[in-house]
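Please look over the sequence and the model before reading on.

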Amino acid sequence: MTHTYTISGMTCKNCVAKVKSQLLSLANIEEADVQLEAPQATISMQKHVAVNELQAAVHKAGNYTITEADGGMKHTVSVSWIATYKPVLLIFAYITGITLLVQAFHTSFSWMVWMTHFMAGFFLVFSFFKLLDLKAFAESYAMYDIVAKKWNAWGYVYPFAELALGIAYLLFPEQMLTSLCTLVIMGISMVGVVQSVLAKRKIPCACLGPVFKLPMSAITIIEDGLMVGMSVIMLAMI
């Protein structure tokens with residue numbers, strides 16, 4: 001079931017992030033889409049959660065008030081898995097296709113060269129989407145990343161770290177330091193993702209920044225795990 005609520009007291013995106021985090025911490029809350037412009041929250045629940053429980057949760061985030069809007073109920077249309085993750089699937093298809101085409105002009109196929117091109121493309125494209133709205137990405141990333149939770153500035157640094165890795169894979173394809181940095185950065189990032197997925201937290205994935213509202217799921221683990229796995233293979237091959 002999905003209910004719509006009006007929330008008063010929010011003044012910035014940081015307020016939105018705090019309110020959303022508290023709502024998602026409640027049992028039976030599957031998803032919470034909190035908007036500043038309205039301001040309102042569309043909440044999906046396994047079982048009905050009373051307004052007083054929701055109010056107690058948002059009060060922990062600050063001086064906010066939540067009330068039912070338009071009778072509370074809102075009809076939703078189910079979306080298929082492919083439709084939900086279409087943006088990230090297309091990006092992976094494009095990067096894979098382009099890097100394979102690059103290899104087509106070589107006399108022989110090299111897995112090492114292909115992986116460096118793929119990882120360069122991955123980091124350059126994904127950093128681009130994060131940098132479109134750096135502040136929104138940092139706020140979203142701090143909801144689950146183990147480093148960004150304790151050091152908020154990491155959310156602002158991370159997209160530039162991805163950009164640097166992408167450039168490094170283009171300029172220094174067989175540089176051990178590049179793969180070591182990838183292993184550490186993506187490995188740490190993967191910890192927070194795995195924790196959130198195992199805890200079944202219904203929070204947005206920040207992998208493509210605020211442009212595409214993708215839910216956190218196993219596909220996010222696959223993204224990070226793929227980069228970790230490739231960096232390990234490249235270290236072994238260098």
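## Basis of the model

The structure is a predicted model, in which local features need pLDDT of at least 70 and side-chain atom pairs count only at pLDDT 80 or more, while totals for chains, interfaces and linings use all residues. Residues are numbered from 1 along each chain as its sequence is written, and side-chain values use heavy atoms, with hydrogens and water left out.

## Helix α9

Helices here are DSSP runs (H or I, at least four residues), numbered from the N terminus. Helix α9 covers residues 176-198, and its 23 residues should span 33 Å at 1.5 Å a residue; the expected span is 1.5 Å times one less than the number of residues. The end C-alpha atoms of α9 are 32 Å apart, which agrees. Just after α9, lysine 200 has a positive phi of about 60°.

Residues are called buried under 20% relative accessible area, exposed over 50% and partly exposed in between (1.4 Å probe, protein chains only). The buried residues of α9 include Thr182, Ile185, Met186, Ser189 and Val193. Among the elements covering the buried residues of α9 are α5 (111-131), α8 (154-171) and α10 (218-237). Threonine 178, in α9, is buried, with a relative accessible area of 6%. Leaving aside neighbours within four places in sequence, threonine 178 is in contact (heavy atoms within 4.5 Å) with Leu165, Ala168, Tyr169 and Phe172. Valine 194, also in α9, counts as partly exposed at 26% relative accessibility.

## Helices α4 and α5

Helix α4 (residues 86-104) packs with α5 at an angle of about 145°, their axes being 9 Å apart. The axes are lines fitted to C-alpha atoms over the stretch in contact, and angles run from 0 to 180 degrees between N-to-C directions. The contact includes Phe92, Ile95 and Thr99 of α4 and His117, Phe118 and Phe122 of α5. Its residues divide into 13 nonpolar, five polar and no charged; Ala, Val, Leu, Ile, Met, Phe, Trp, Tyr, Cys and Pro count as nonpolar, Asp, Glu, Lys and Arg as charged, and the others, Gly among them, as polar.

## The nonpolar core

A nonpolar core is a set of buried Ala, Val, Leu, Ile, Met, Phe, Trp, Tyr and Cys residues joined through side-chain atoms within 4.5 Å. The largest has 60 residues, and Val19, Leu23, Ile43 and Leu54 have the most contacts inside it. Helix α5 supplies the largest share of this core, 10 residues.

Key: Helices (H or I, at least four residues) and strands (E, at least two) are DSSP runs, numbered from the N terminus.
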